[in-house]
Every structure is written in structure tokens, then in C-alpha cells.
Amino acid sequence: MFSQAQALLPDLIRIRRHLHQWPELSFQEYETSAFVSKTLHDLGIPHETEVARTGVVGILGHGDGPTLALRADMDALPIQEENDVPYRSRREGVMHACGHDAHTTMLLGAAMLLKQVEDQLPGRVKLIFQPAEEIIGGDGYSGAKLMVEEGVIEDVDAIIGLHVDPTLPVGSIGVRPGPMMAAADRIVIDILGKKAHGAYAYLGADAIVMAAQVIMAAQTIISRRIPAVQEGVITFGEIHGGVRDNIISDRVTLTGTVRSYDPHIRDQLERELEEVVSIVERLGGGYQYRYMRGNPAVINDGQLAGFVARIGKQLLGAEQVREAAKTMGAEDFAWYMRHTRGNFVRIGVRAPQWPEVRPLHTPTFDIDERALAVGAALFAQCAVRWLQEYEPERWPGEPSILED
Ligand SMILES: [Zn+2]
Ligand SMILES: [Zn+2]
């Protein structure tokens, strides 16, 4: 399968460069969807468009037998690209800085490979081209959550997703059974005080001083209120307040992100943050506290992770399958995993000649495009083998086989 994928590499590079030049923001992937739809049409793969607003879902194989879903996300970020390459983004201030152009290309590559063996597939492969991984809209929906809500994975027995990883060398993949990425929630805190002249502060209630207390106290939740062996992060990414140097501010808004793995710790962080915020009431102020739950944690199915590792070793060689890091990053792929067993795998994209890692979400992010064949082959080979090996009584059941 890998040699077939490598033969497709010039096509895959062309596709990726096209998508890279025309990035679209979350839930605005109109041209990207149309491109995906046209490619599937030309391959003779039936598909639905406008799934989860701007997504596309294709289907390969036969109606009976199990169904495996493969998922790629399609959206870009509001970042101005700084790479001086012929395929740099042609849209001002929008860039595929998270590699979703590569994911979309890898899934299209897998579709090309699977189409060639469609007659032999003992089941179905669902191709999920998902919009809006990067944001949670005002209505609380990201692309994956909406896909799930629209029933896309109701008939799915397992799902595999992937993400490019700039820390792993091209040609390698990263696999991890169990917890891999954190639950991510958003907080918006309004601290309410009373205006006064800056020289007569005792006549007001200073929202800026109260905000400072809240920020410092909140940091002690992680260090002193949750067990040291549990993961948690509280980050205030924005602080807004005040109008002038000599006016006591009556309002400060703090927004931030809260990360965790354990559901009990998640509940505790939500509760204890509000307790910390409520200290402003003893300082003469008031508050509004909003805690908005985002993506759940990505917890890989151990058996499926072992399966993906085994396929990866067969395709790429044993030394190319690494243990992926557990991080406090988040990924809306987790929504699928709440409804079916899933595995999220990392695809190395670091070119050997790059002296430094080019991190995701930065203006100089880029990939070694040879990884496109790795992702396409891994997707396709996992689909073929999983459908061949699937036995309901064996899945679920076996422990992780990452070491085999
Ligand atoms: Zn991203
Ligand atoms: Zn991403």
C-alpha cells in the first residue's frame, strides 16, 4: 500500500498545495468542500455535501459488514503566512497553519487507494471531511460535535483520525493507547467594581485590583487543590479593563482556558474557580462567572491503538512507530470517541534539513510533503485490514498490543 501511495505523491502534493493556497476559516470551507466533492465525484465515490454545514461525507465498499470511519479536518487559521514558498497562502491573514490541508489531502489519497480495492472490501469505509475543528461556535458546536449530532457515526463501528506532528520526523508516526489530549473548557469572568477618581480610590471598588487577586489565587488551584499526579492547566489569555490612568475601573473581563483529563478534576476546577472568583464579594465587588465546556479528552482505545501501531510497523518499519506524547492540547476528534471506539494517530512531518521544529499555529509552519503518502497509506491500509480482521466478539476485548 505504501508504494502505491508513493506513486500518488505528485498528485497529493498538487492537491495539498492547492488547498494550502486557498485556506478557509472554520465553517467557511465552501471552496474546500467543493474541491473535495469534485475529487470524490471524479473517483466515482458517492458522497453527501453540506454535512455539519460545510462538511463532506463519502462512502466506499458494501452495505453489509462493519463500517470504519476515517476523518480529516479541513479548516484553516487566522494567521498571516510568513513562508516564502510558491504555494504560500493567497488569502490575506488566513493560513493552513495546523496542517488540515495535509489531512484533507491524506484522506483524498486514501480514497484513491481504497477505490482501487473497493470490490474486495468486506464492509464499508466512511470518509469524513469535517469542517471547523479549530473553533467552537457561539452555539457551542465545533465541526465534530455537529457531525455526531447529525448522526454521521451512528452506523460506524470504529473511527481513525490523524494529525500532522512537527516534532516527529517525516516517515514516522506516533501512537498512544489511552489518554492523549486534554479536555478544554473556556472561562469568561466579569469582575464588577465601582468607579471613582484614581486619587480617591477608597470611594470606589477597584476591579483591576480585584482581578489581580483572582488571577493569583486561581493559580493555586492547580498547585494546591488538585493532586500533583493529576493534570490541570488554568490560563488567562485575555484581560480587559479600565479607561484611563486616573479612573478606578468598574469592570475587568478575564477570559481563559481550562485543561484537564479526569472528569472529576474537570468538575472540581469549574467549582473551585468560581470559589476563587467569589472572593471579590468580600472586596466590595461583584462578578459574573461563565464556564463553557468544550472538547472532551481524547482517550484512545487501547486495542485500536495497538492495531494502528501494527499496521504502521508493517507499512513503514518498526523503528518508525513512536510513542506519541500525551499533551494538554485539545482536539474535537474526541466527540466521535464518545460514541464509538476511536484512535487518533500523529504523522511526522519534520523535514530532516530543518534545524528547528516549526510548530503548529505559527506563521512559519510547514510540512515535509512526503508525509502525505504516509498518511494516505496508513489510512487506507488500516481500513482494509480492519475490515478484514473485524470480528464483533473480538472487538472489544483484547488488551493493547502496542508492543507487538
Ligand atoms: Zn489547530
Ligand atoms: Zn489541527
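Mentor: Ala 132 sits in the loop that joins β4 (124–130) to α5 (143–149). In these names, helices (H or I, at least four residues) and strands (E, at least two) are DSSP runs, numbered from the N terminus. What you see is a predicted model, where local features need pLDDT of at least 70 and side-chain atom pairs count only at pLDDT 80 or more, while totals for chains, interfaces and linings use all residues. Residues are numbered from 1 along each chain as its sequence is written, chains are lettered from A and ligands numbered from 1 in the order in which they are written, and side-chain values use heavy atoms, with hydrogens and water left out.

Now for the backbone of this residue. Most residues other than glycine have a negative phi. Ala 132, although not a glycine, has a positive phi of about 50°. Its relative accessibility is 0%, so Ala 132 counts as buried (buried means under 20% relative accessible area, exposed over 50%, partly exposed in between, with a 1.4 Å probe and protein chains only).

Arg 53 belongs to the loop between β1 (47–51) and β2 (55–61). With a relative accessible area of 39%, Arg 53 is partly exposed, whereas Ala 132 is buried.

At 6% relative accessibility, Val 152 is buried. Leaving out residues up to four places away in sequence, Val 152 touches Val 51, Val 57, Lys 126, Ile 128 and Met 147; contact means heavy atoms within 4.5 Å. Val 152 and Tyr 336 are 184 residues apart in sequence, yet their C-alpha atoms are 9.4 Å apart in space.

Strand β16 (residues 341–350) holds Asn 343, which is buried with a relative accessible area of 0%. Apart from its neighbours within four places in sequence, the contacts of Asn 343 include Ile 159, Ile 160, Gly 161, Arg 176 and Asn 300. Phe 333 and Met 337 are also among them.

Let us turn to the metal. Which protein residues are donors of the zinc ion (ligand 2)? They are Cys 98 (SG), His 100 (NE2) and His 163 (NE2), at 2.1 to 2.4 Å from the ion. Donors are N, O and S atoms within 2.8 Å of the metal (3.2 Å for Na, K and Ca), and water is not among the atoms, so sites may look incomplete. Along the sequence, the donor residues follow the spacing C-x1-H-x62-H. Cys 98 coordinates both this ion and the zinc ion (ligand 1), and the two ions are 3.2 Å apart.

Now look at helix α6 (residues 207–225) and helix α7 (residues 263–277), whose axes come within 9 Å and cross at roughly 145°. Axes are lines fitted to C-alpha atoms, for helices over the stretch in contact, and angles run from 0 to 180 degrees between N-to-C directions. This crossing is right-handed: a crossing is left-handed if the near helix is turned anticlockwise from the far one by less than a right angle, and right-handed if clockwise. In α6, Val 214, Ala 217, Ala 218, Ile 221, Ile 222 and Arg 225 meet Gln 268, Leu 269, Glu 272, Leu 273, Val 276 and Val 277 in α7. By class, this contact has 9 nonpolar, 1 polar and 2 charged residues (Ala, Val, Leu, Ile, Met, Phe, Trp, Tyr, Cys and Pro count as nonpolar, Asp, Glu, Lys and Arg as charged, and the others, Gly among them, as polar).

Finish with Glu 272 in α7. At 9% relative accessibility, Glu 272 is buried. Not counting residues up to four places away in sequence, Glu 272 touches Ile 221 and Arg 225. Glu 272 and Arg 225 are 47 residues apart in sequence and 8.5 Å apart in space, C-alpha to C-alpha.
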